[in-house]
Amino acid sequence: MHRGVGLAFQLNRKMAASGGEPQILVQYLVLRKDLSQAPFSWPAGAVVAQACHAATAALHLHRDHPHTTAYLRELERMRKVVLEAPDETTLKLLAETLQQKNIDHKLWMEQPENIPTCIALRPYPKEEVSQYLKKFRLFK
């Protein structure tokens, strides 16, 4: 076994034995549902692109944060959760709450229309941010 892999395995085993577990990081996205409905009726690809833009921007803006570097270190284990906001007002209110609570995020504004479309948080342990997101359901 490669020495680095063995040490990581031992560390994880020790953490599990002591009741601690390796921290699971999640990147949450909150995407406007109304963009895919009338009167907007954006195609699915355009809506998905908004989430992609927001996720990429949040990762870039917070690339030096230890959670982001850990998240990007294991590409095959990345976890994302995409939630839906019913409309622009709800998305903006969430952005204000996250700002007030010092939760690192990016509110993506589609240009040139300047339309807020998606919020992406930097990677966080679920328990640190779930209270701000519990009223949002999974995007369908």
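pLDDT is the predictor's confidence in each residue, on a scale from 0 to 100. I kept that in mind throughout, since what I have open is a predicted model.

**Confidence.** I looked up the chain as a whole and found a mean pLDDT of 88, with 84% of the residues reaching 70 or more. I then turned to residues 1-18, where the pLDDT is below 50, and noted that this stretch has five contacts in the model beyond near neighbours in sequence.

**Main core.** I next asked which residues have the most contacts inside the largest nonpolar core. That core has 17 residues, and the ones I was looking for are Val30, Leu121 and Leu133. Tracing where the core comes from, I listed β1 (25-32), β2 (80-85), α4 (88-100), β4 (115-121) and α5 (126-133) as the elements that give two or more residues to it; the largest share, four residues, belongs to α4.

**Val30.** I followed the contacts of Val30, leaving aside residues up to four places away in sequence, and found among them Leu83, Ala85, Leu91, Leu94, Ile119, Leu133 and Phe136, as well as Glu84, Thr117 and Cys118.

**Second core.** I also recorded a separate core of 12 residues, which includes Leu35, Trp42, Val47 and Ala51.

**Cys52.** I located Cys52 in helix α2, which spans residues 44-61. Finally, I checked Cys52 against Leu29: they stand 23 residues apart in sequence, while their C-alpha atoms are 9.3 Å apart in space.

Notes:
Residues are numbered from 1 along each chain as its sequence is written. This is a predicted model: local features need pLDDT of at least 70, side-chain atom pairs count only at pLDDT 80 or more; totals for chains, interfaces and linings use all residues. Side-chain values use heavy atoms; hydrogens and water are left out. Contact means heavy atoms within 4.5 Å. A nonpolar core is a set of buried Ala, Val, Leu, Ile, Met, Phe, Trp, Tyr and Cys residues joined through side-chain atoms within 4.5 Å. Buried means under 20% relative accessible area, exposed over 50%, partly exposed in between (1.4 Å probe, protein chains only).
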